[in-house]
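Morning, everyone. Please look at the sequence and the structure while I talk through a few features.

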Amino acid sequence: MRGKGKTLCALLLVLLFFFALWGVPAAAQGGKSQPVLSARASSEAAYAGQKVEILVSVGGLLKSVSCFDMEIQADPDRFTFKKITPLAGMGKAELSCHTAGGVSYLVYCDREGGGSPVHEGALFSVTYTVREGASPGQVQFLVQCTGMGDGKAEQLGVSSAKCAVTVTSPPSGNALLRRMTPDNGRLVPAFSPQVFSYTLEVSAETERVKLALKTAEAQAVAKVNRETLGGKGKSTRLVVTVTAPDRSVKKYIITVLRKKGGKAANLEEVQNPPGGGAKPPPGNTGNQGAGQNLKPLHAPDFPLGLAAMLFALTLAMPFLFRWLYGMTGEKGRVKS
């Protein structure tokens, strides 16, 4: 009896072992037959007029799918349905869609029969656009599979997935500068955000000009094409490019005039200031000293001949008085 009992227990253990080997793959296969959906948005944020794609993918080892029904729910006040695009994972099948009240209903149907293989990966994408005037905030997209069947018309289960997109305010289109100040010279005309062309005169010794820039929009970006200047007596074009958050662009152009320089030019400016002035007499050349060319300040010119006559008259006055006095004395003596 004891030997028969041991033999029976051994047989039962062997049977349990074989049942376990046969049951585990079946359970695993049954688990893999359940579809697992996932949804992903093409961008996390969008504003009015921008497009957003919801990419729907499937996981799990699906051998064959003949049909399924899906729903994609979106906020109709913020998003407008545009189109659906089948992807490689769909296989040879027909996908139809209609939208009502913010819900897109998708029907996948294999019209050739026998079931179409659906591989792991992307099935389709749904394109939406953000409506004008859409209020900012987060929007949930719900993708739900309400039914799925294989080639044998067996239900493979249902699944759902979610993703979110944040509606934001449109970016600013302000590409203006609030301030532009050169480190040398003065802008002509004076800076104004709505004036886009300027001139700037600098000395001959200035080799570069740096501009201090401040944009009117905090998120805008301003760049200058160069700082170094051309040679003396030449002009250089500085271009400030301002890019707004919405990619709008405005340009400010500064033409920098660099003086020729040189002492001779400066001396000529002193001798001939703007508006007229004293000119050097003929024959005075640049080889002579600056003191000779500059006429000293004095009283108005006096005629030289008249001055000589007055000087001679002054010297002759004593003799003239003595002569007149002598003539008067002689007349008095004659009368007496």
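Two strands count as paired if DSSP finds at least two bridges between them. Strands here are DSSP runs of E with at least two residues, and helices are runs of H or I with at least four, numbered from the N terminus.

Before going further, the ground rules. This is a predicted model, in which local features need pLDDT of at least 70 and side-chain atom pairs count only at pLDDT 80 or more, while totals for chains, interfaces and linings use all residues. Residues are numbered from 1 along each chain as its sequence is written, and side-chain values use heavy atoms, with hydrogens and water left out.

Now the sheet. It is open, with 4 strands in the order β1-β3-β8-β5 and antiparallel pairing. β1 (36–41) and β5 (79–86) are at the edges with a single partner strand each, so one side of each has no neighbour in the sheet. From one strand to the next, the twist averages 20 degrees; the axes behind such angles are lines fitted to C-alpha atoms, for helices over the stretch in contact, and angles run from 0 to 180 degrees between N-to-C directions.

Next, the aromatic rings. The structure has 7 aromatic pairs. Rings of Phe, Tyr and Trp (its six-membered ring) pair if their centres lie within 6.5 Å; planes under 30 degrees apart are stacked, over 60 edge-to-face, and the rest tilted. F191 and Y252 are a tilted pair, because their centres are 6.2 Å apart and their planes at 40 degrees. They sit 61 residues apart in the chain: F191 in the loop between β12 (187–188) and β13 (197–202), Y252 in strand β17 (residues 249–258).

Which of these is buried? Y252 is, at 0% relative accessibility, whereas F191 is partly exposed at 22%. Buried means under 20% relative accessible area, exposed over 50%, and partly exposed in between (1.4 Å probe, protein chains only). Y252 also forms a tilted pair with F196, at 4.9 Å centre to centre and 45 degrees between the planes. F196 is partly exposed, at 27%. Elsewhere, F79, F81, Y128 and F141 form one aromatic cluster.

Last, cysteines. How many disulfides does a search of the whole structure find? It finds 0, a disulfide being a pair of cysteine sulfur atoms within 2.5 Å. C163 is buried at 8%, and C97 is partly exposed at 28%.
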